[in-house]
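Open the model in your viewer and keep the selection tool at hand. The tour goes from one selection to the next.

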There are 2 protein chains.
Amino acid sequence: MKIAVDAMGGDFAPEQIVFGAVRAARKYHCEVVLVGDEPRIREVLRRERGWEELGIRIHHASEVIEMGEHPADAVRMKKDSSIVVATRLVKEGECDAVLSAGSTGAAVTAAQLILKRIRGIGRPTIATPIPTPKGVTMLLDSGANVDSRPVHLVQSGMMGAIYAEYVFGIKAPKVGLLNIGEEETKGNEQAKETYQLLKAMHTINFCGNAEGRDIPKGNFDVVICDGFVGNVVLKFAEGLAKTIMKLIKEAIRESGVLAKLGAFLLMPALKKLGKRLDVSEYGGAPLLGVNGVCIISHGSSNAKSICSAIGVANDYVNGNVLDHIRDALAKEEILTNDGEKK
Amino acid sequence: MKIAVDAMGGDFAPEQIVFGAVRAARKYHCEVVLVGDEPRIREVLRRERGWEELGIRIHHASEVIEMGEHPADAVRMKKDSSIVVATRLVKEGECDAVLSAGSTGAAVTAAQLILKRIRGIGRPTIATPIPTPKGVTMLLDSGANVDSRPVHLVQSGMMGAIYAEYVFGIKAPKVGLLNIGEEETKGNEQAKETYQLLKAMHTINFCGNAEGRDIPKGNFDVVICDGFVGNVVLKFAEGLAKTIMKLIKEAIRESGVLAKLGAFLLMPALKKLGKRLDVSEYGGAPLLGVNGVCIISHGSSNAKSICSAIGVANDYVNGNVLDHIRDALAKEEILTNDGEKK
C-alpha cells in the first residue's frame, strides 16, 4: 500500500503528520508520500532517525489550503496545494490512498472533483467511527451533505455496511436508521421514506430505527442519518466530553487533599478506560462514494492518530471496499433508483 | 398557585409523584390536586404524615394512558384518564397548571386538544432545560414536531427566550439557531431560511448559529432546532451519560484496591459535580404555545424531580409567560407570517 499524506493539513502540521507517517511506515511496512513544503517536511524528517530506510518520500507542493477558505474556490484556485496534489496522486494511480487532517471541506471537494463519484452514487458521505462499549459504530453521513434524499441515505447505509464488514471485520453489520422512535411510522418525511426503502433491501442487514441513545450504547454497527443531524450529534458529543473533563478537573482542584489523592489513585483505571474510548485509535473517517480511498482525519490529530489513520487506509485498500460498493450498486436496484422519481 | 398533577403517569407512579407533590406543597406553599386512582393515591398519602394540613386534594380519574398507546387515539378514547382530567382542570380554570411524567405524546396531545394552541402559534414545542457549566440552556423543540417550517422555529425562539427571561430570570437571553457551522450561509434549507427571519427580528436577542458543541458548553441561553434534531441530541446525551457512568463503574470494579480507595475518596467531589449537572434540578420541560401552563417531566422522575417541576410550574405561572407570548405575537409581524407564503 502506498499512501499520499497531506503533510500540511491539521493543527499540528507538518510535525505530527510527519511523525505519524514515519511511525506508520515502520508499523505497517507501507510506502508513504509526504505531500507539501519540501524544506519544512525535510526538516521534520531529520529529527526521525533512520527514516531513509523506510518507504518514505517527499512530493513537493507549494501551496496550502487554510481552514477558513471556501473549499470549492480554494481547490479550483490552488492547483499546487498539498491536498489537491495528494488527491491527484491517487487519481493518477501513483498512490492507493490519500489522507488529510486539513480542511474537511477542501478534502471532500478535492476528492469529488478529482477522483469523481462512483458511478451510481448520488453523494459521497463521511463515515465517522465512534468507539462504544461494544466496539465501534460507524455514523454516516457525519456532515458532508444536508437535505439528502432517501436514496442517498440508503446508499450511505450500503457503503457503511461494506466498510464495517471489510475494514472492521464485522459480519452482517447491523444497520440502523437514526430516528426519533423505534416504530416505522415515526420520524420526518425523509426518515419515513428511507425506512421503506431500507426494509425492501436484501443486501444489507437493516435492523430498524436507531434512537439517539443507541449510538453511545453501541446497539448498531452502522447508523445512517442526514449530514445535518450527524454533524450536530458529533459536535455535541465532542463538546460534552470536553465540558465534562473540564468540570471534573475543576471539581478536583477545588476539593481537599483526600479527593486529590483519590483522583491520583484512580487515574490508571480511568486512563485505561480513556484508551478504550479514544477516537484516535480509529484515526480517521473514510469518505465513501468516490473512486479512491480517502481518509479524513480530525484537525487536532497527533502522530498517534495519523499512524492509526494510515493503518485504517491500509485495511480500506486491502478490503477492496470500492469493488464491493460497485458490486452492491449493480446487484440491488433500490440503490440507484433516484428518489426524484418518487 | 394550584397545580393539577397526573399522579398515575411515570415509571414510579403513583408513589414518587405523590411524594414529590407533598414535598412541593410544603416547600412552595402551593395547592396540589392529585389526579388519578383515588384509593391508590390515598394509600400512598397515608405514608406522609401531616399531609392533611397541606393544600392537597385528590381528584379521582378511573383510567390511565399507558406508554405504548397511540397518543391521539388514547386521549380521545380515555376521557377519564388522569392526564385528560388533569388537563381539563386547567381548561376549566380549576387549576393554574398541569404536570405529567407519563406518556409525553399523550400530554402534548391532551394539551393541544383541550387547552388549544395560543392564537397565532403554529405548533407547540417542548423546551428542555439542559444544565451547563454556565447555568442552563433551553433546547427547543426537543421532540414535539418534525419537519417544522421556519416560522415555527422562529416562534420557538421567541417562546424560549420569554421563558428563559421570566422563569429563569435571564435578561435578554442569547438565542442561537442549531446549525452545522457559524456562517449564515451554512446549513439545510430550513436553517438558512430560519436564520434570515431571526436576523430580521427585534424582539429577541438572536446571536447567530449555535453548533452542537455550544449546547454542553452553555454558550447560548436558548437553542432552537427542529424536533427531529432536538430529540436525537437529547437521547444521545442521555445514552452517553449512562454509558460513561457504566464504564467508569466497570473500570473501578475491575481494578485494584488502590483505585477503589481512590474512587471512594473522590466521591464527594464527583457527587457535588453531579448535583450541579443534575437535570432533575430543573424538574420538567414546559410545553410552550398552548393556552395553559403545562410541564412534562421525564418518565423516570422521582419525588425530587417532581417537586422541582412543581417549583418550575410555580415560576412559570408567576412569570406571566403566556401573556408575554401573546404580546410578542402581536408586536412582531415575522412571528405570524406563515412560511407557506414564501
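Are A:Phe236 and B:Phe236 buried or exposed? Both A:Phe236 and B:Phe236 are buried, where buried means under 20% relative accessible area, exposed over 50% and partly exposed in between, with a 1.4 Å probe and protein chains only.

Before going on, note that this is a predicted model, in which local features need pLDDT of at least 70, side-chain atom pairs count only at pLDDT 80 or more, and totals for chains, interfaces and linings use all residues. Residues are numbered from 1 along each chain as its sequence is written, chains are lettered from A and ligands numbered from 1 in the order in which they are written, and side-chain values use heavy atoms, leaving out hydrogens and water.

Next, the aromatic rings. Over all chains, the whole structure holds seven aromatic pairs. Rings of Phe, Tyr and Trp (its six-membered ring) pair if their centres lie within 6.5 Å; planes under 30 degrees apart count as stacked, over 60 as edge-to-face and the rest as tilted.

Select A:Tyr163 and A:Phe168: this pair is edge-to-face, with 5.7 Å centre to centre and 85 degrees between the planes. A:Tyr163 is buried, at 1% relative accessibility, while A:Phe168 is partly exposed at 25%.

Now return to A:Phe236 and B:Phe236, an edge-to-face pair with 6.5 Å centre to centre and 75 degrees between the planes. The pair joins two chains, because A:Phe236 lies in helix 9 (residues 227-254) of chain A and B:Phe236 in helix 9 (residues 227-254) of chain B. Helices are DSSP runs (H or I, at least four residues), numbered from the N terminus.
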